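I opened this model to look up its fold, its charges and a handful of residues. My notes follow.

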Amino acid sequence: MAFIRRQKRPFKVNIVRNILQNFSLGLTYQYQSVYISELGASAMELGYVNSAGGLASTLVTLPVGWLADSYGIRRILLTALPLMAVGYAVFGVAQGWEITMAALVLASMSAAMAMTVCPMICGNTLESYERATGMQLCDTLAALPRVVAPVVAAFIISRFGGLSAEGIRPLYWLQTAGIAAAAAVIYFW
């Protein structure tokens, strides 16, 4: 705790953002393919959706560093997190698998943006002799919610109809709220 207390505010805020974001992402991680399949996608169509998301995240990482240097890390996060929330909200309203491609492109692209600028925060705020410790502490604290999120997700799915599109759908709304909360943390602090 003493290590965290002596760090600059952006580092502390980034830890909170990471915790909220990772919990939110952990809710649907293992159910996303099931959800898309339950919305009618064949194995090939599921592959197309996942490939589109992967391509989008790959292409966006190229200019993100330059954009962060030009416009600031905070602006990148305040662009990425709302886009991510919109992507997961689109998952929440999806009635067919086709729209999930747009949702996954938005969510993957914005997650890649946030992931790219995250180490920049540590690089900018931590002293060089504490940088490795700080980065690993942040990674460790941010990983803990991914241990809890699958249990929470399983409970929610069991309460809303089981392993079906309707049972999984509430996870996307909870995920949208969690990502919006992460954006609010960045905006206000």
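What percentage of the 189 residues in the chain are buried? I found 47% of the 189 residues buried. Buried here means under 20% relative accessible area, exposed means over 50%, and partly exposed is in between (1.4 Å probe, protein chains only).

**Ground rules**

I noted that this is a predicted model, where local features need pLDDT of at least 70, side-chain atom pairs count only at pLDDT 80 or more, and totals for chains, interfaces and linings use all residues. Residues are numbered from 1 along each chain as its sequence is written, and side-chain values use heavy atoms, with hydrogens and water left out.

**Overall fold**

I counted nine helices and zero strands. Helices (H or I, at least four residues) and strands (E, at least two) are DSSP runs, numbered from the N terminus. Along the sequence the pattern reads α-α-α-α-α-α-α-α-α. The radius of gyration is 17 Å, close to the 16 Å from the globule rule for 189 residues, so the chain is as compact as a globular protein of that length. That radius is taken over C-alpha atoms, and the globule rule is 2.2 Å times the number of residues to the power 0.38.

I then checked the box. Along the principal axes, the C-alpha atoms fill roughly 50 × 35 × 25 Å. Next came contacts, meaning heavy atoms within 4.5 Å. Of the contacts between residues at least 6 apart in sequence, 81% join residues at least 24 apart.

The accessible surface comes to about 9,400 Å². Carbon and sulfur atoms account for 67% of that surface. The areas come from the Shrake-Rupley method with a 1.4 Å probe; for residues, only the protein chains shown count as cover.

**Charges and salt bridges**

One is Arg6 with Glu130, with the closest N and O atoms 2.5 Å apart. This pair links distant parts of the chain, 124 residues apart. Arg6 sits in the loop between α1 (2–5) and α2 (9–28), and Glu130 in the loop between α6 (97–125) and α7 (131–143). Arg6 is exposed at 53% relative accessible area, whereas Glu130 is buried at 6%.

Arg169 pairs with Glu166, with the closest N and O atoms 2.9 Å apart. Both are in helix α9 (residues 165–188), three residues apart, and so are separated by about one helical turn. Arg169 is buried at 9% relative accessibility. Glu166 is partly exposed at 47%.

I looked at Gln7 next. Gln7 also lies in the loop between α1 and α2. Is Gln7 buried or exposed? Gln7 is buried, with a relative accessible area of 7%. Beyond four places in sequence, Gln7 touches Lys12, Leu126 and Glu130. Gln7 and Glu130 are 123 residues apart in sequence, with 9.7 Å between their C-alpha atoms.

**Along helix α6**

Thr100 is in helix α6 and is buried at 0% relative accessible area. Leaving out residues up to four places away, Thr100 touches Ile36, Leu39, Val49, Phe91 and Ala94.

Met109 is in helix α6 as well. Met109 is partly exposed at 22%. Setting aside neighbours within four places in sequence, the contacts of Met109 are Ala56, Ser57, Val60, Leu83 and Leu104. I also took its C-alpha distance to Gly53, 56 residues away in sequence, and got 7.2 Å.

Gly123 belongs to helix α6 too, partly exposed at 32%.

Last, I looked up Arg75 in helix α5 (residues 73–93). Arg75 is exposed at 54% relative accessible area. Arg75 and Val152 are 77 residues apart in sequence, and their C-alpha atoms are 31 Å apart.

Note on methods:
Salt bridge = Lys/Arg side-chain N within 4 Å of Asp/Glu carboxyl O.
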